[in-house]
Amino acid sequence: MNVARLKQSWNLVASHGDQVPLYFYSLLFLANPDIRQMFPTNMAGQRDRLFTALGHIVTNVDQVDRLVGFLQDLGADHRKFAVAPEHYPAVGEALLGTLAHFSGDEWSEELAEDWAAAYGLVAQVMTEAAEAAENISPPWWVGEIVGHERRTFDVAVVTLRPQYLLPFTPGQSIGVSHPAVRSWRYYSPANAPRPDGTIELHVRAAPGGTVSSRLVYGNRVGDQLHLASPIGERLTLARAGDADLLLLAAGTGWAPVRSLVEQVAAEGGRRRVALYVGARSQSEFYDGETIAKYAAAYPWLTVTHVIGLDPRRPHEPVHPYEPALADGDWRDRHVYICGSDEMVLASRAALVRAGHHPAQLHHEGLGKHWYGPTWRTAGHDASHLTPETAGGAL
């Protein structure tokens, strides 16, 4: 397998942009109409994810250790789309047909062999990972909604009880899908693991979001959802060791931060924790009662509310990092940042300028919810993607 030739081939094909995934899915669905039902009705986001995943695979084809971990995550995660070993040859045929079409005169027998070998490795690793995952966890859990509260016009607090225990670590995220929708959206539970196994999600309805809109406006107590295995390590406290914490949260970014506060409490409150939590207006502190309860109950926790709209800065939002930096020097603490991409990027840049070491700054991958479990572990910048494009198999 000639790695240089593969990368050169991919660059040529990728130069054709959106035409490539469109052609690929046309080939795949025409030859295998039964596979179409595994994908969401709206394929726009799906095409982006295919392109990004293939680009990552080709770019790292000469870094086997990194690539294998990526593919293992992808293979295990694809169980929730009902992907089976027999689907891989069909995908491979469509992929090679697409590559040949866009390579034109550059396509050769040697290049076809290289791509067939590369895809064979991909399929093998993903298939073996899926088989291994069967011994650890189901493809998905069924969760019943046992609590549903609309806290603002577009934010709901949804409490789920999985059919059986779904273990997770505070700071991780769980895939959520409605049985009628072939799309998945990842949410960080707003609680540390509870004795009764329930999971609390804080959901803001994204414009055009099929999953989030159903969760906020369409679902009721008694409805059932599908839940995928927890993913991600970037926001877990394991990365902070025993250090004290500075927590910066905005909007529903409060959810994973709340789970971290609960974990610190469960561990005996041995850390000092400073929390700066922001919202666009006073009325949008949708979980204010809980925040006040924690502030009163935990002497190791200090809380500062930050209003994002300042009349003195009508065209510029106020982020939680601004009063935090004005209040003191936090360079001896690990910082967890949860909010929009804009908030995360601005906070990270300001903290680095203030002398914080990048290794002490913890946040999820950019791009909201890129591709299954891998966007949180592979370190991609997928900020060009829409907030809710996590549905469908590869």
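## Helices H5 and H6

In this predicted model, helix H5 covers residues 87-103 and helix H6 covers residues 109-133. The two pack at an angle of about 150 degrees, and their axes lie 10 Å apart. Angles over 145 degrees count as roughly antiparallel, so H5 is roughly antiparallel to H6. As for handedness, H5 passes H6 in a right-handed crossing.

Which residues of H5 and H6 meet? From H5 come Tyr 88, Val 91, Gly 92, Leu 95, Leu 96 and Leu 99. Across from them, H6 brings in Ala 112, Trp 115, Ala 116, Tyr 119, Ala 123, Met 126 and Thr 127. Sort the residues of this contact by type and you get 11 nonpolar, 2 polar and no charged.

## Helices H8 and H9

The crossing of H8 past H9 is left-handed.

On the H8 side, the contact is made by Trp 254, Arg 258, Val 261 and Glu 262. Their partners in H9 are Thr 290, Ile 291 and Tyr 294. How many of the residues in the contact of H8 with H9 are charged? There are 2, along with 4 nonpolar and 1 polar.

Definitions and conventions. Residues are numbered from 1 along each chain as its sequence is written. This is a predicted model: local features need pLDDT of at least 70, side-chain atom pairs count only at pLDDT 80 or more; totals for chains, interfaces and linings use all residues. Side-chain values use heavy atoms; hydrogens and water are left out. A crossing is left-handed if the near helix is turned anticlockwise from the far one by less than a right angle, and right-handed if clockwise. Helices (H or I, at least four residues) and strands (E, at least two) are DSSP runs, numbered from the N terminus. Contact means heavy atoms within 4.5 Å. Ala, Val, Leu, Ile, Met, Phe, Trp, Tyr, Cys and Pro count as nonpolar, Asp, Glu, Lys and Arg as charged, and the others, Gly among them, as polar. Axes are lines fitted to C-alpha atoms, for helices over the stretch in contact, and angles run from 0 to 180 degrees between N-to-C directions. Angles under 35 degrees count as roughly parallel, over 145 as roughly antiparallel, 65 to 115 as roughly perpendicular and the rest as oblique.
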